[in-house]
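This report walks through one protein chain, part by part, for a reader who is new to structures. Please keep the sequence and the model in view while reading.

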Amino acid sequence: MSTTPFPAITFPVVSTGGEAQWLAPSEVRTPLSQQHANWLLDPGSLTAKLKALSADFKVQVLGQRETTLLADEKPWLGDVERAAVREVILWCDGKPWVFARSVFPPSALAAQQLSLGTLGDSPLGEHLFRQPDLARSAIELCRFAPTSQVGQLHQQLGFPAHELWGRRSCFYAANQTVLVAEVFLGAAKLYSESPSQG
């Protein structure tokens with residue numbers, strides 16, 4: 001059985017800051033439906049959730065390299081001026097569900113317990129949730145406009161223009177910090193199962 005090649009995506013997708021206004025869930029103006037909350041505020045592994053809902057789960061690694069932190073990422077990683085950035089798209093049954101951007105200090109690549117330098121196309125989230133000392137910050141939420149960089153990615157993948165929900169939180173393990181942002185793309189059930197608005 002032939003597999004459809006992943007579409008070519010320029011890395012990094014998020015190259016400039018200023019487009020995301022991350023808020024605590026209580027600060028989001030539009031009240032979350034139960035369906036949205038089930039996806040955006042779920043404290044468990046998103047990778048595990050996606051795998052349970054699909055017969056064919058794949059990770060498309062767009063790229064990973066050391067670069068300058070965006071302004072809204074700096075408070076999470078302390079004094080670090082540069083960090084490793086990894087961007088991926090999570091595919092379920094041939095459809096793109098989630099764009100994820102992970103940021104972590106170079107020291108995390110060398111941390112033997114984490115082994116982030118040898119992930120390849122393995123999902124980072126699944127790897128983090130295996131860590132025995134894992135702790136996680138509170139989740140922040142954001143809505144991305146169609147004109148944003150992730151909004152344009154969404155349209156490049158064949159979806160009509162609309163606002164996208166994203167969430168992010170910080171993971172702590174092996175004395176390292178990993179900031180993970182996840183933006184739900186058009187194929188995600190967060191949108192398809194939402195009640196119609198009228």
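Is C142 buried or exposed? At 3% relative accessibility, C142 counts as buried, where buried means under 20% relative accessible area, exposed means over 50%, and partly exposed lies in between (1.4 Å probe, protein chains only).

## The model and its confidence

This is a predicted model, in which local features need pLDDT of at least 70 and side-chain atom pairs count only at pLDDT 80 or more, while totals for chains, interfaces and linings use all residues. Residues are numbered from 1 along each chain as its sequence is written, and side-chain values use heavy atoms, with hydrogens and water left out.

The pLDDT, which is the predictor's confidence in each residue on a scale from 0 to 100, averages 90 over the chain, and 95% of the residues score at least 70. Confidence is lowest in helix α4 (residues 106-110), with a mean of 84, and highest in α6, with 97. Over residues 194-198, however, the pLDDT is below 50, and this stretch has 3 contacts in the model beyond near neighbours in sequence, a contact being heavy atoms within 4.5 Å. Where pLDDT is low, the predicted coordinates should not be read in detail.

## The chain as a whole

The chain holds 7 helices and 7 strands; these are DSSP runs numbered from the N terminus, with helices (H or I) of at least four residues and strands (E) of at least two. Along the sequence, they follow the pattern α-α-β-α-β-β-α-α-β-β-α-β-β-α.

For 198 residues, a compact globule would have a radius of gyration near 16 Å, and the chain agrees with this because its own value is 16 Å; the radius is taken over C-alpha atoms, and the globule rule is 2.2 Å times the number of residues to the power 0.38. Of the 198 residues, 47% count as buried. Among contacts between residues at least 6 apart in sequence, 68% join residues at least 24 apart.

## Strand β2 and its partners

Strand β2 is largely enclosed by the rest of the structure, because 10 of its 11 residues are buried. On one side of the pairing, 11 bridges join strand β1 (residues 57-68) to β2, and the two run antiparallel; strands are said to pair if DSSP finds at least two bridges between them.

The hairpin of β2 and β3 has 2 residues between the strands, and here D93 takes a positive phi near 50°.

## Helix α6

In helix α6 (residues 149-156), the buried residues are Q149, V150, G151, L153 and H154. The buried residues of α6 pack against β2 (82-92), β3 (95-104), β5 (140-144), β6 (164-173) and β7 (176-184). Just after α6, G158 takes a positive phi of about 100°.

## The cysteines

A disulfide is a covalent bond between the sulfur atoms of two cysteines, and here it is counted as a pair of cysteine sulfur atoms within 2.5 Å. By this rule the count is 0 disulfides. C142 is in no disulfide, since the nearest cysteine sulfur, that of C170, is 16 Å away. C170 is buried as well, with a relative accessible area of 0%.
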